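Reader: I would like to learn how to read contacts between aromatic rings. Please take me through them step by step.

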Amino acid sequence: MSNQHKHPTISFRISDAERKQIEARILASGMMKKDYFVRSCIHNRICVVGKKETIYPLVQTVNALYLQLLEMQKAFTTPNCTPDTLPTSEAIKDLHIEYTNMLTAIIDLLDGAKYLWEGDCHEQ
């Protein structure tokens with residue numbers, strides 16, 4: 001069994017009242033608990049709170065992705081570019097997944113923050 005690969009576990013603490021509410025929603029959904037949590041985490045709207053502490057980790061992640069893109073651009077455009085110096089297709093596939101996930105999260109986050117620029121005070 002030790003050679004078996006398991007997926008990471010996500011856990012958090014909740015109050016008794018929150019647990020009862022969540023369990024009622026799971027029961028009403030007809031889904032398995034695991035499926036309910038996964039779908040809730042992925043498909044629910046993101047609530048944006050405009051604090052530096054909330055936004056800064058996102059900025060750091062976007063910056064890291066930007067730096068990776070710059071490195072890839074250099075690898076593809078250097079004069080001594082050979083198949084040995086280019087990223088492998090597996091590395092490109094991993095980056096594609098990472099970028100897709102991050103871009104989806106950013107789009108969802110911005111969708112949750114639309115009220116900041118779509119309010120009546122900005123309309124002309």
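Reader: Which residues form one aromatic cluster here?

Author: The model is a predicted one. In it, Phe12, Tyr36 and Phe37 make up one aromatic cluster. The search of the whole structure finds 2 aromatic pairs.

Reader: How is a pair of aromatic rings described?

Author: The distance of the centres and the angle of the planes describe a pair of aromatic rings. For Phe12 and Phe37, the ring centres are 6.3 Å apart and the planes stand at 90 degrees, so this pair is edge-to-face.

Reader: Where in the structure do phenylalanine 12 and phenylalanine 37 lie?

Author: Phe12 is in the segment before α1 (16-29), while Phe37 belongs to helix α2 (residues 33-43). The pair therefore ties together parts that are 25 residues apart in sequence. Phe37 also forms an edge-to-face aromatic pair with Tyr36, at 6.2 Å centre to centre and 70 degrees between the planes.

Reader: Is tyrosine 36 buried or exposed?

Author: Tyr36 has a relative accessible area of 13%, so it is buried, as the limit for buried is under 20%. Phe37, at 29%, is partly exposed. Phe12, at 53%, is exposed.

Reader: Which residues make a nonpolar surface patch?

Author: Ile10, Phe12 and Ile14 make a nonpolar surface patch of about 350 Å². Ile14 is placed in the segment before α1, and its relative accessibility of 35% counts as partly exposed.

Conventions: Residues numbered from 1 in each chain as written. Predicted model: local features only at pLDDT ≥ 70, side-chain atom pairs only at ≥ 80, totals over all residues. Heavy atoms only, no water. Phe/Tyr/Trp six-rings, centres within 6.5 Å; stacked < 30°, edge-to-face > 60°. Helix = DSSP H or I, 4+ residues; strand = E, 2+ residues; numbered from the N terminus. Buried < 20%, exposed > 50% of the residue type's maximum accessible area, 1.4 Å probe, protein only. Patch = residues over 30% accessible without salt bridge, like charges linked within 9 Å, V, L, I, M, F, W, Y side chains within 5 Å. Areas by Shrake-Rupley, 256 points an atom, 1.4 Å probe, with all protein chains shown as cover. Salt bridge = Lys/Arg side-chain N within 4 Å of Asp/Glu carboxyl O.
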